[in-house]
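Here is a brief report on selected strands, surface patches and backbone angles. Keep the sequence and the 3D view at hand while reading.

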Amino acid sequence: VGKNCNFEGLIDKCVVMLQLLGEFECKIDAKYRLRLPAGLISQLNSPAPPTFVINRGFERCLMLYPLNVWDKISEEVNQLNLYNQQNRSFVRYFYRGAQKVTMDNADRILINKRLLDYAGIDKDVVLSAYNDRIEMWASDEYEKILGNEPLDFSDLAESVLGNKNNPEL
């Protein structure tokens with residue numbers, strides 16, 4: 001976890017930047033609760049039980065955002081021109097089903113049944129943490145996605161990152 005602070009006499013603003021990593025196999029209980037793994041919780045570096053926002057992902061998964069990350073993303077989404085039909089559709093879909101969840105004393109979060117149904121999550125879940133967010137997948141769906149790996153990962157890496165120093169190429 002890194003801290004990016006701007007000092008002008010006093011601290012003007014201090015933003016904690018997350019770098020979440022890891023894959024975690026978990027289970028949803030009969031009351032739609034998910035116990036977050038200790039290895040993931042320790043990366044959050046939060047003195048109080050963390051609050052997240054959970055919503056639908058771009059693929060058939062759920063996204064779990066730490067609240068400060070959600071606030072940053074929401075700020076960007078909220079700047080879209082709502083007089084544009086495509087923007088309205090995106091905003092509507094992006095926020096659909098989004099809800100705040102706070103981890104309880106047993107390290108669990110309660111997940112709305114409609115969100116679980118959207119992602120096809122019944123019991124077995126894989127949490128895939130990267131950057132500042134966590135994807136939540138039905139285990140079987142996650143295995144399908146991994147089964148569609150590119151034949152040559154180095155070709156994909158070259159396509160995505162190969163011209164990073166010269167983005168116009």
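Helices and strands here are DSSP runs, numbered from the N terminus; a strand (E) needs at least two residues. The model is predicted.

**The negative patch**

Glu 25 has its place in strand E3. Glu 25 counts as exposed because its relative accessibility is 75%, and the cut-off for exposed is over 50%. Glu 25 belongs to a patch of negative charge on the surface, together with Glu 23, Asp 140 and Glu 143. Which elements supply at least two residues each of the negative patch? They are strand E3 (20-27) and helix H5 (139-147).

Strand E10 covers residues 133-138. Is E10 mostly covered or mostly open? It is mostly covered: six of its six residues are buried. Arg 133, Glu 135 and Trp 137 point one way from E10. Ile 134, Met 136 and Ala 138 point the other way.

E10 pairs with strand E6 (residues 62-66) in the antiparallel sense, over three bridges. Here Leu 62 stands opposite Met 136 of E10. E10 also pairs with strand E9 (residues 124-131), again in the antiparallel sense, over six bridges. Ser 128 stands opposite Glu 135 of E10. How many residues does the hairpin from E9 to E10 run through? The hairpin joins the two strands through one residue.

**The nonpolar patch**

A nonpolar patch on the surface is formed by Phe 153, Leu 156, Val 160 and Leu 161. Together they have about 420 Å² of accessible area. Leu 156 is found in helix H6 (residues 153-161). Leu 156 is partly exposed, with a relative accessible area of 38%.

**Positive phi angles**

Most residues other than glycine have a negative phi. Asp 107 has a positive phi, and so does Asn 131. Asp 107 lies in the loop between strand E7 (99-102) and strand E8 (108-110). Asn 131 is found in strand E9.

| Residue | Phi | Relative accessible area | Class |
|---|---|---|---|
| Asp 107 | near 65° | 25% | partly exposed |
| Asn 131 | near 55° | 39% | partly exposed |

Definitions and conventions:
Residues are numbered from 1 along each chain as its sequence is written. This is a predicted model: local features need pLDDT of at least 70, side-chain atom pairs count only at pLDDT 80 or more; totals for chains, interfaces and linings use all residues. Side-chain values use heavy atoms; hydrogens and water are left out. Buried means under 20% relative accessible area, exposed over 50%, partly exposed in between (1.4 Å probe, protein chains only). Helices (H or I, at least four residues) and strands (E, at least two) are DSSP runs, numbered from the N terminus. Two strands pair if DSSP finds at least two bridges between them. Patches are made of residues with over 30% relative accessible area and no salt bridge: like charges are joined within 9 Å, nonpolar side chains (Val, Leu, Ile, Met, Phe, Trp, Tyr) within 5 Å. Accessible areas come from the Shrake-Rupley method with a 1.4 Å probe; for residues, only the protein chains shown count as cover. A salt bridge is a side-chain nitrogen of Lys or Arg within 4 Å of a carboxyl oxygen of Asp or Glu. Lys and Arg count as positive and Asp and Glu as negative; His and the chain ends are not counted. The place of a charge is taken as NZ of Lys, CZ of Arg, CG of Asp or CD of Glu.
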